[in-house]
Amino acid sequence: MRERAQLTLKDVSVSYGDRSVLEQISFTVRPGEKAAVIGENGSGKSTLLRLVAGVEPPGRGEVTVRFPGGVARLAQTPAETFGLGPGAVVRDAVDAALAGLRALEREMRAAEERLGSATPDELLAYGELAARFEERGGYTADAEVAAALSGLGLGGVSRERRLGTLSGGERARLALACVLASGAELLLLDEPTNHLDRAAADWLAERLRGHRGTVVTVTHDRDFLERVSTTVLEVDRDTRSVIRYGDGWAGYRAAKAAELRRRAREHEEWREELARTEELVASAGQRLAGSGKDPRQGFGKHRRSHENKLSGQVRTARTRLDQLRRAPVPAPPEPLRFTARLRTVSRSGLVDGEAGRGGRAGLPPGSGADGHAGSPGPLVELADVVVGRRLRIEGLRIAAGERLLVSGPNGAGKTTLLRVLAGELRPDRGTVVRAGGIGYLRQEPPAVPASEPLLTAYAAGRPGLPEEHAEELSALGLFRVEDLAVPVARLSVGQRRRLELARLVTRPADLLVLDEPTNHVTLSLVEELEAALAVFPGAVVAVSHDRRFRSGFGGGRLELRGGRVA
């Protein structure tokens, strides 16, 4: 008889040093559910997935995970998913993902060799092995690997290619393909859509909706939430709890809005009753004082006399006032609010390029307007730019105040173009002319010393002591005061993304170059970032696969295919 699948957490708590992350959380995910885990950056979402995967033990409580069809986990970083170094090849990653299936197949083949003399119990055991192997897709595993690689845009990648030669996005998609092809009944996915283009994201959504097992996904992708999730688990950083909501993303939003209205109403009712009761007690005391009686009487020999005169209404009001003060009804917690006002700087000429490829020839008409009054010419201009086989741009101009959304399939050269625009990558050939300050948000946060506190990492390269920048960082609404002393190594990937955003928005720039700006960022912050960009007077060039971000992004479109303008 097949063991029933189970995922249950009961009274689970997790702390890191003196910092409590989760406190006595309890919930169940039913077999076949598609649960989305959401919450503020640093609230404990990835920690929750590690608990379920069994790679991190709880400080207290019980975690019960029983899935006869196996468990596979996609971590936030490919290295953590693979457990392989850059010298390993794609085939090694695939073999590691299918290790459970391969072991089950070896066990089944060994049982087959004994079938001629098998006992009834051994025959039954073999039948169960064969059923498990088939249920996990063992007979079609290699085809599933090929389908997953193709669906995620890696169909042309050689199995002998070293992992160290793949881009960050390619490694992330390879990790996802391996997890999906593992045939595991329970899939634990941490931000699976971060590096997917539209076609790959569509393929993944359909793949997960059709998954016969259970899916638990940490995601900030609004479109993905709507299309895939049947249940939402919200990790609340203020209460360090996990709250379960049914009916998918729509059900969560409706329930959350009703909950916030209820909590606001209850807080306001408490405040009104507190004010009325304080006024009642104060006026009663004034009346007693006016009659020549001490309102504080009621002890010693005068107690009986005072109690006879003090009205029952006043005694009740004082008791109620004490109750209200001892049990206040808090207002709904204020979420972090992104309050930055993006600014531009005065422009100065900066040029890099290759001798013999100068000039501004080859710029196509309409590739960018001239700058605004007082700032003639484009902010950045590319002419005949070549970067290996990754990028070939005959000409591109980015004017002051312009908006440009760069799109294209994975591997089309989008990130390469952004690195050239930002001055991080020098082209093999061609000319790049810059005439303004540029702020660059990379697709992945750069490495910083792991032991360095958040505030020190934010203040790096800025004048003065780190403490002098604490007020500026706190005012952005991206971090709480208690976060500023946390070492960078203990920050979540989303919090590190916020750190980069903080450094970006507090430095004036005429051009913002943004590579997947919504990756690892909470839903509320995405909307506030979109609002800040909408009123930014400078130019913005962005790459994004986020459907909502793309649909609300005004301005021009530039599509790349194979490193060229489509």
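Which residue in β14 is the bridge partner of V386?

Reply: Happy to. The bridge partner of V386 in β14 is R429. Before going on, a word on the basis: this is a predicted model, where local features need pLDDT of at least 70 and side-chain atom pairs count only at pLDDT 80 or more, while totals for chains, interfaces and linings use all residues. Residues are numbered from 1 along each chain as its sequence is written, and side-chain values use heavy atoms, with hydrogens and water left out.

Back to your pairing. Strand β11 (residues 380-387) runs antiparallel to β14, and five bridges link the two; strands count as paired if DSSP finds at least two bridges between them. Of the six residues of β14 (residues 429-434), five are buried, so the strand is mostly covered; buried here means under 20% relative accessible area, exposed over 50%, and partly exposed in between, with a 1.4 Å probe and protein chains only.

Stepping back, the chain holds 18 helices and 19 strands, taken as DSSP runs (H or I, at least four residues, for helices; E, at least two, for strands) and numbered from the N terminus. Buried residues account for 48% of its 566 residues. Among contacts between residues at least 6 apart in sequence, 74% join residues at least 24 apart, where contact means heavy atoms within 4.5 Å.

An open, antiparallel sheet of three strands has the order β2-β1-β4. Its edge strands are β2 (19-28) and β4 (60-66), each pairing on one side only. On average, neighbouring strands of this sheet are turned by 25 degrees against each other, direction ignored. Six bridges join β1 (residues 6-16) to β4, with T8 facing T64 as its bridge partner in β4. On the other pairing, β1 and β2 are also linked by six antiparallel bridges, and S15 stands opposite S20 in β2. These two strands form a hairpin with two residues between them, and G17 in the turn has a positive phi of about 65 degrees. Helix α1 (residues 45-53) lies across β1, β2 and β4 and runs at about 125 degrees to β1; axes are lines fitted to C-alpha atoms, for helices over the stretch in contact, and angles run from 0 to 180 degrees between N-to-C directions.

Next come the helices. In α3 (residues 90-97) the buried residues are V90, A93 and V94. They sit on the same side of α3 because they cover an arc of only 95 degrees around the axis, the arc being that of the directions from the axis to the C-beta atoms. Their cover includes α2 (78-82), α6 (141-151) and α7.

Helix α7 (residues 168-181) is also where E170 is found. E170 counts as buried because its relative accessibility is 16%. Beyond its neighbours within four places in sequence, E170 is in contact with L154 and R161.

Finally, the largest nonpolar core has 45 residues, of which L174, L176, L187, L189 and L208 touch the most other members. Such a core is a set of buried Ala, Val, Leu, Ile, Met, Phe, Trp, Tyr and Cys residues joined through side-chain atoms within 4.5 Å. Helix α7 supplies its largest share, eight residues. A second, separate core of 32 residues includes L473, L476, F479 and V486.
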